[in-house]
Each structure stands twice: as C-alpha cells, then as structure tokens.
Amino acid sequence: MNTKIFVPRELKTDGIDEEVVKWRSPSNIALVKYWGKVGYQIPANPSISFTLKNSYTETEIKFVKKETANNFIDFKLLFEGKKNESFSSRVAKFLEDIKVYVPFLKLYSLEISTINSFPHSSGIASSASGFSALSACLVAFEKLINPELMNITAQKKVSFLSRLGSGSACRSVEGPLMIWGRHQNYRLSDNEVAVTPDLVLNDVFKGFQDTILLVDKGAKSVSSTVGHSLMDGHPFAKRRFEQANEHLAEMKEILQNGDLNRFAEIVENDALTLHAMMMTSTPSFILMKPNTLLVLEAIKEHREKSGLNMVFTLDAGANVHLLYPLSQKDKVMEFVKNDLVAYCENGHYICDELGTGIEEVN
Ligand code: DP6
C-alpha cells in the first residue's frame, strides 16, 4: 500500500477555532497472534483477531486553535479524570511519530480525555482500544477540516495510525474479524493496515462469546514492545513465523466451514506457542501464573466431559480468554461460575462478545 495517501495534500489554515470529537473503540483478541516485528511496526507475521464489544476505550479530544502555528505537539491528557505520566509519554511519542500524517497539529492544541470500560487494573491491555480510539478522533477531526477526505481512506487511515501507536490496535477498527499483515490467501491483506478478510463467516461464530478470566490483575513483567524485540535472533523465530502463516491459511477455511474442533486446536496451539516463544527467549519470561495453568487444565477436562466447544487463548499475560458459541452460553457460564471463578483474582471476570469496531459517541 502506498501510505502517501494518508499525507494530507494541503493544510487549511482558515475555519474551525474549537471543536470536540468523541469516539469509542473496542479491544480485540487474536486467534493467530502477532509476535515479532520488523522495521517500524511492520509485523513479522500476519495475525487475525475477533473484535470485541464490551471492553472499549472512549476518547474525547477538544481541538483548540493555537494563536500561532508552530511545530510543537501541544496536548494535555487525562486518563479516567487524572493525569497519567506513562500513558502521556506514550501518546507524546505517538503524536510526534505521526506528525506528517496529521499536520493540522501545527495549528491546534489538544485536550484529550479518555476512559476504559474495563477496570483500570485488570491486567487487560488497553493499548489496542486506546490507540484506535485516539486515531479515530484524529481522523474524524481531519474530516471536519478537510471534507474531501474519502470515507474509505479515512477508515484505512484510522487503522494505519493506530498501528503506529500499537500494532494490535489496527485490528480494532472494524469487526467482527480483522487481519493485519500480508498473507497470500487473503486478497486485501496488508502490512500497513488491518482489513476485514474476504471470507463468509460461518453462522456458528455469530455472536461468539469471550469470557475473560482475570487470573492476575497486576502489570505484566514484560511490555509487549520488549517482548516483540525478543523475537530478533530467537532460535525458533523462523519456524514460528512459518507456523503463523500456516495457521492463517487453515483459519480461513475454518472460519467459513465452522469446524469448532479444529478451531480449538489452532487457536490454543497458537497461544501456547506465543508463550513458548517467551519462555525460550533470552532473557526468558514466564507470563502464566499457577492459576493460569489450573484454568487451562479445568477447561480441557470439562470440554472432554461435556462436549462444549470452549476454546482458550492467552495474550502476553496470565489472563485467559474463553471463547465459545452463543448457543452454549448458559452451560459455559455455569461452568465458569462453578469451577473457574475460584482461580480468578477476587473472583473477577469480564463478559465480552464479538463487536463491530469503532463508533462515534454523541
Ligand atoms: C500478544 O500490539 O501490544 O497481544 O505493537 O509493541 O504495541 P506493540 O505490541 P502489541 O502486541 C500484542 C501482542 C499480542 C498478540 C496479538 O494481539 O496479536
């Protein structure tokens, strides 16, 4: 993709003095994971994810015209009503990095306020929903000052900017499925932006559920960014990248034919490989906790006994995502409450399901 289409042609200095935009963006859960990158935020392998619905970030930005245009990025940020140093410095770097694509920041100061629907310290990554909500606001404002920006370009630009903030964020823009990274079996797939894959999702996946079991709500011992870099020179990296491509190829068939047994095998294998990569990197990281293993064991055992189509996956942390069809919700939730809640920190879990991506908040 030629990313020059995302550089606005001219900077209009007349017009709006003050404007507020507000967007919501959900988190997503990868079925085949992104782990390892090349260059600036280009994935070492393609990934595919379900877009979620209930775990989202809502961001409001007030754009106020500067007295004189200048090259400084000027913003204030409140996270859940309070200043937040670590998030602010990540946003400062992000805005600096994307300057060429949002040149109107020379003309406007930003007052950003952002909240998450999920608890602050839940161990759930907020960078995917956070950067996509922020990018949605920036592009929405650009559309106001430049109405010629085509809708299709605007949608792609949200994904493109999000990716530069946090790779997985680019997959939150649409739903229920997004693929990011070039794969030969997916016609429109691209390294620069995530796209909706060219497939007809089988009905068994409609309304698919994700119960997020909060085994450990603490901060992760390694950031994703550091984790990705540990794939450089990793002894098993080459095979892992090949495997992810193979998983993607088969996943395209499964998502269409609805083979939930094979779905479970691939999704679980992919998540465990991600953790195996971390365990075998130098330095190594074990991100699962004892309760993570107990949850995985319990899921496998109950699946065997009950025949329920429950599938687990993990991101780079200790919490477990339990995916299952809507039609089995009552039975799975009974199992969650009776057997799994005991392994969750303070008994906490989040009920989520497939969603449709970013939306404007009125
Ligand atoms: C394990 O997108 O958080 O969740 O691009 O450095 O911000 P950065 O990394 P990030 O990595 C997420 C990795 C993952 C798997 C996935 O979502 O594909």
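Visitor: How do the residues of the shell around the ligand divide into nonpolar, polar and charged?

Guide: By convention Ala, Val, Leu, Ile, Met, Phe, Trp, Tyr, Cys and Pro count as nonpolar, Asp, Glu, Lys and Arg as charged, and the others, Gly among them, as polar; here the shell holds five nonpolar, eight polar and five charged residues. This is a predicted model, in which local features need pLDDT of at least 70 and side-chain atom pairs count only at pLDDT 80 or more, while totals for chains, interfaces and linings use all residues. Residues are numbered from 1 along each chain as its sequence is written, and side-chain values use heavy atoms, with hydrogens and water left out.

Visitor: Which polar side-chain atoms lie by an oxygen atom of the ligand, and at what distance?

Guide: A polar contact is a pair of N or O atoms within 3.5 Å; within protein, one must be able to donate a hydrogen and the other to accept it, and residues adjacent in sequence count only if both atoms are side-chain atoms. In this model a polar side-chain atom of Ser166 lies 2.7 Å from a ligand oxygen, one of Ser168 also lies 2.7 Å from a ligand oxygen, and for Gln41 the distance is 3.4 Å.

Visitor: Is Glu58 buried or exposed?

Guide: Buried means under 20% relative accessible area, exposed over 50%, and partly exposed in between (1.4 Å probe, protein chains only). Glu58 has a relative accessible area of 11%, and is therefore buried; its side chain makes a polar contact with the side chain of Arg24, at 2.7 Å.
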